[in-house]
Amino acid sequence: MKNNRIKAVMFDKMQYSFSKYYDRMIHCYIIYEGKVDKEKLKNSFSFLLDEYPILHSHYKNRMIRSYWKIQKDIDEDYLTFLKTDDCYKEALSFLTEKPFNIKKEYQIKIQVAEEKERFSIALIINHMVLDGGDLKFLFSQFTSFYNSQETVKRGKSRSHMNIYKDMDEGFKKKALSLYKNMTSDKPYQLNLTKKSKEDRQQVSLISLEKDESMRIISYCKKNNCTVTDVFLACYGFSS
């Protein structure tokens, strides 16, 4: 990081190029039992934005050196509170909204919906700034700060090279060429269905029982694949 800039890594440019095919957003929600302390919640999310400046930055795409420009003053509309009779329904409604513009001054959008004895936290985060593992850590940071106003520190490097450390040289070489393939001028289209004027953006929702979920996770560990791989395979065979 230099002054008000964060250096973009290869995966940032790759994810940016994916905008042709999908919204690049991570959608998630958690429902908590009990009442929410709004002030502590606001302070906790403010801490996250202070601790990780990329969450309040916007992406500058450049041919040679792309970067994230940190915004010191951001609008508070990244966080909304509401009261409801059904926080689950509100969370799903929020998560299926049209994705926010990544050119805004923040890369995270949060909704807190309160019921009488429980509340939900729903987030939409630009996939360019984190992945599933980072999201898990982000929630642990939030929970720690909310409960005790203390957090666990860790390195802030965004180096993409860590993902290659367990690959053999042949597979690593192929993986490193992925960015070159994705940024070529050659037209590319996902092999799903033909484009139509009736096409609409959507988020598909499914519910899994705990036993079924554990079987999928166990299968992924044995076969060195991800849960996303399994879902995509199911989609491919069912279409």
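These notebook entries record what I looked up on aromatic rings, charges over rings and cysteines in this structure.

**Basis.** I worked from a predicted model, in which local features need pLDDT of at least 70, side-chain atom pairs count only at pLDDT 80 or more, and totals for chains, interfaces and linings use all residues. Residues are numbered from 1 along each chain as its sequence is written, and side-chain values use heavy atoms, with hydrogens and water left out.

**Entry 1: aromatic pairs.** I took rings of Phe, Tyr and Trp (its six-membered ring) as paired if their centres lie within 6.5 Å, with planes under 30 degrees apart called stacked, over 60 edge-to-face and the rest tilted. By this rule I found 8 aromatic pairs. One of them is the stacked pair of Tyr32 and Phe119, with 5.2 Å from centre to centre and 20° between the planes. I then placed the two residues in DSSP runs, numbered from the N terminus (helices: H or I, at least four residues; strands: E, at least two). Tyr32 belongs to strand β2 (residues 25–33) and Phe119 to strand β7 (residues 118–126), so this pair links distant parts of the chain, 87 residues apart.

For accessibility I used a 1.4 Å probe and protein chains only: buried is under 20% relative accessible area, exposed over 50%, and partly exposed in between. Phe119 is buried at 6%, whereas Tyr32 is partly exposed because its value is 22%.

**Entry 2: Phe45 and its partners.** I noted that Phe45 and Phe142 are stacked, because their ring centres are 4.7 Å apart and their planes meet at 15°. This pair also links distant parts of the chain: Phe45 is in helix α2 (residues 38–51) and Phe142 in helix α4 (residues 132–148), 97 residues apart. Phe45 is buried at 1% relative accessibility, and Phe142 is buried at 4%.

**Entry 3: charges over rings.** I counted a charge as over a ring if NZ of Lys or CZ of Arg is within 6 Å of the ring centre and within 35 degrees of the ring normal. Lys40 lies over the face of Tyr146, 4.9 Å from the ring centre. The charged end of Arg5 sits over the ring of Tyr67, at 3.9 Å from its centre.

**Entry 4: cysteines.** I searched the whole structure for disulfides (cysteine sulfur atoms within 2.5 Å of each other) and found 0. For Cys234, the nearest cysteine sulfur is that of Cys220, 9.9 Å away. Cys234 is partly exposed at 47%, while Cys28 is buried at 16%.
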